[in-house]
Amino acid sequence: MNKTILITGGAGFIGSHVVREFVLKYPDYKIVNLDALTYAGNLENLKDVENSSNYTFVKADITDAAHILQIFEEYQPDGVIHLAAESHVDRSIIDPTAFVMTNVIGTVNLLNAAKEIWKGNFEGKRFHHVSTDEVYGTLGEIGLFTETTSYDPHSPYSASKASSDHFVRAYHDTYGLPVVITNCSNNYGPNHFPEKLIPLCIHNILNNKPLPIYGDGKFTRDWLFVIDHAKAIDLVFHEGTNGGSYNVGGFNEWQNIDLVRELCKQMDEKLNRPNGTADQLITFVKDRPGHDLRYAIDATKINQELGYKPSVTFEQGLSITIDWFLNNQDWLDSVTSGDYQKYYDNQYKAG
Ligand code: NAD
Ligand code: DAU
């Protein structure tokens with residue numbers, strides 16, 4: 001079955017795992033990775049598959065509507081898997097407009113290009129929009145997000161993702177565009193950019209720097225290993241119901257402080273340091289404005305309808321992740337030089 005699948009944001013954290021999954025699993029597909037290579041995009045993430053005959057990279061910015069249409073006309077994708085985004089909540093608080101441009105306008109540009117080239121002939125076509133559980137806002141102490149939970153975003157990032165989800169549904173309802181949406185919980189794993197909690201703490205433990213915990217550390221997130229997210233995207237892209245949305249998660253909630261303590265324990269073991277060494281770096285700092293208390297995904301629908309189950313436990317996934325970072329310190333050094341340092345100093349200066 002020869003198909004062309006265009007994956008946006010394929011040089012980023014999750015996108016690179018999705019590209020690898022598709023390039024290796026579907027040799028008959030032509031995989032086009034479209035990415036602007038922002039600070040978060042890195043072709044080093046795809047070194048092992050970049051010479052595959054079914055893989056092509058195209059550098060493009062999804063905010064450039066004319067260029068995006070030209071690329072769609074050239075490659076004629078049958079499927080689009082859209083991951084390109086500004087993805088970091090803290091950066092969205094500093095510069096919301098960049099998030100509107102990429103996450104909202106960029107998504108609409110892709111929808112328009114798909115609509116333009118498919119011209120109402122939707123047989124074998126699919127637009128898969130990759131989104132987040134943050135669109136649902138925050139939970140209290142109990143309850144889980146289901147696919148019917150009302151949208152209630154609080155950060156500029158989640159507001160932009162919620163808006164993009166609404167546009168995707170609007171193009172399905174108005175123009176009949178064949179779409180699916182996945183809303184996933186927090187990912188972790190190899191190639192995670194060290195502005196996010198887990199890789200930031202790994203990097204700081206290696207450099208003997210403070211581990212900044214926002215507020216009282218009791219904020220709760222639901223963590224999924226990135227390769228398990230890539231497998232869920234593969235499943236929903238191929239088997240999800242047209243127009244449907246699927247929550248993706250692994251029923252794996254952790255309070256931030258407990259998660260960081262588990263990470264410290266594993267790091268001490270792997271670095272042959274006395275238990276409790278990394279813990280001493282834990283530092284409570286000023287809270288994130290508008291910080292959502294708790295996210296937790298009810299993944300019953302994807303489990304029951306599509307038979308989805310994560311392949312690793314959190315402890316296993318975290319161990320694989322730490323090993324990857326220990327074995328790829330060049331990668332970590334290269335992404336934490338230059339602009340990263342400026343961002344880091346500004347973000348954490350007030351303590
Ligand atoms: P990331 O920041 O690591 O990567 C984003 C990628 O998009 C980068 O390669 C970047 O170069 C590219 N990009 C950014 N702006 C672009 C533009 N204007 N044009 C083209 N490319 C552009 O992000 P991630 O963590 O891999 O997230 C990928 C997607 O998954 C996002 O849509 C995000 O909202 C969603 N998501 C992320 C998580 C998570 O925990 N990281 C969880 C659920 C959903
Ligand atoms: O829930 C899915 C979302 O998960 C994705 O949509 C986002 O793209 C992704 O970045 C992630 O968002 P979070 O804001 O939850 O991830 P982050 O790693 O930034 O923060 C995780 C938790 O840790 C959150 O409660 C804030 C806290 N935190 C984060 C940082 C960076 C700290 O306490 N200290 C920190 O330095």
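Predicted model: local features only at pLDDT ≥ 70, side-chain atom pairs only at ≥ 80, totals over all residues.
Visitor: How far apart are the closest N and O atoms of Glu-262 and Lys-265?

Guide: Side chains of opposite charge can pair when their charged atoms come close. Glu-262 and Lys-265 form a salt bridge (a side-chain nitrogen of Lys or Arg within 4 Å of a carboxyl oxygen of Asp or Glu), and their closest N and O atoms are 3.6 Å apart.

Visitor: Is Asp-234, the salt-bridge partner of Lys-25, buried or exposed?

Guide: The side chains of Lys-25 and Asp-234 meet at 2.6 Å, N to O. This pair links distant parts of the chain, with Lys-25 in helix H1 and Asp-234 in helix H7, 209 residues apart. Buried means under 20% relative accessible area, exposed over 50% and partly exposed in between, using a 1.4 Å probe and protein chains only. Lys-25 has 47% and is partly exposed, whereas Asp-234 has 4%, so Asp-234 is buried.

Visitor: How many salt bridges are there in the whole structure?

Guide: Another of them pairs Glu-195 with Lys-196, with the closest N and O atoms 3.4 Å apart. A search of the whole structure gives a total of 15.

Visitor: Which element gives the most residues to the shell around ligand 2?

Guide: Among the 24 residues around ligand 2 (those with a heavy atom within 4 Å), Thr-132, Asp-133, Tyr-157, Arg-288 and Tyr-348 come nearest. Helix H3 and one strand (a DSSP run of E with at least two residues) each supply at least two residues of the shell. The element that gives the most, with three residues, is E8.

Visitor: How far is an oxygen atom of ligand 2 from the side chain of Asp-133?

Guide: Ligand 2 has an oxygen atom 2.8 Å from a backbone N or O atom of Tyr-214. An oxygen atom of ligand 2 also lies 2.7 Å from a side-chain N or O atom of His-291. For an N or O atom in the side chain of Asp-133, the distance to a ligand 2 oxygen is 2.5 Å.

Note on methods:
Residues numbered from 1 in each chain as written. Chains lettered and ligands numbered in written order. Heavy atoms only, no water. Helix = DSSP H or I, 4+ residues; strand = E, 2+ residues; numbered from the N terminus. Polar contact = N/O pair within 3.5 Å; in protein donor to acceptor, adjacent residues only side chain to side chain.
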